[in-house]
Amino acid sequence: MRFDTFNEVVTHYEKIKPVVSVCHTREQDIRPIGQRKRKCERIRKVDPETYCLLDGYYGSTMFSTNTRGDAQYEQDMAPIMWKREADGDYIYIRNGTLRSVPFSRFKFLKWYLPNDVAFRYNQQGKHWIRAKTPTGYEDFPLPKTDYTWDYNIKEATKDDGRRLKFRANEDGTFTRVGEVFKVEKTTVDKELKKQWKGRIEAFYMQAAALAPMLDATRNGCNEYRNVINEWCKENSLDVTTTTYGGINQLPNTLMRQIMEREDHPLRIAMMALVIRDIGGKQIITSQNDLTKIKSAYNRLMNKLLGMFETKEI
């Protein structure tokens, strides 16, 4: 079932009888889009000009506990939202959150977007919307959002605004509108990488030479993390590395300082953590083994040094 216009959403909403059961009252206005047993996939009327098509994945006002988020977070994270504004009708489209693979959201977008708007993704983790615009079909990246619900304090984090907004034109086409936002590309900034190539290689060679004397075990790396955390505290840096986040939690600026200075107080600790992150100490028996280690090292350096390009979409 696909909705091509704001009016189609309103018409379908008005045809649906609210679910009334031991769990839900008529006042809650739970209106499933399709099968009534799939009540989490529903249309929520926010006001006469705003209708959300919900998948139940982020935020849930269906139950009183609201453990997944409040009504505002549910609305903000709606995979599809139709709004009638002063100058026309608009559709908002949103992906899931970072560090998650919400396949139910992907399916929902495939099912309920307009006929000339399609959600696409590939095995490399790319997500995009293909929409029919006045000039033909165009692709628009649909990155994941870092807007999440904090279960501890029961509040949402700051909304990064990562969602696409299209004006629904009278001829059935869609025009991208709204502010652009920055996303990180998976391609490396080659010019920047070239500038740091010498330092990256020097760090690798030094780490390889010192590896036999470094404790890259779990307990050893915990000690190195403590060294980094203490140094950051003494230097008024609001950074704390943990077992789970590890060195990925360090800002790119700090990592670049460590790479630039051979006498940096955190250089040795960082080498041990890098060794552990790329697989720990290994016995090399072939050129293929060495290639795998260097590839893992380069991928990690690209991330730690902020080598990825950013662009506005």
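With which residue does Arg-31 form a salt bridge, and how far apart are the closest N and O atoms?

Author: Arg-31 forms a salt bridge with Asp-29, and the closest N and O atoms lie 2.5 Å apart. A salt bridge here is a side-chain nitrogen of Lys or Arg within 4 Å of a carboxyl oxygen of Asp or Glu. This is a predicted model, in which local features need pLDDT of at least 70 and side-chain atom pairs count only at pLDDT 80 or more, while totals for chains, interfaces and linings use all residues. Residues are numbered from 1 along each chain as its sequence is written, and side-chain values use heavy atoms, with hydrogens and water left out.

Arg-31 and Asp-29 are both buried; buried means under 20% relative accessible area, exposed over 50%, and partly exposed in between (1.4 Å probe, protein chains only).

Another pair is Arg-105 and Asp-55, whose side chains meet at 2.9 Å, N to O. This pair links distant parts of the chain, 50 residues apart: Arg-105 belongs to helix H3 (residues 103-112), and Asp-55 to the loop between strand S2 (50-54) and helix H2 (71-76). Helices (H or I, at least four residues) and strands (E, at least two) are DSSP runs, numbered from the N terminus. Arg-105 and Asp-55 are both buried.

Asp-139 and Arg-130 also form a salt bridge, with 2.7 Å between the closest N and O atoms. Asp-139 counts as partly exposed because its relative accessibility is 41%, and Arg-130 is partly exposed at 30%. Elsewhere, salt bridges that share partners join Arg-42, Arg-44 and Glu-74 into one network. The count of salt bridges by this rule is 12.
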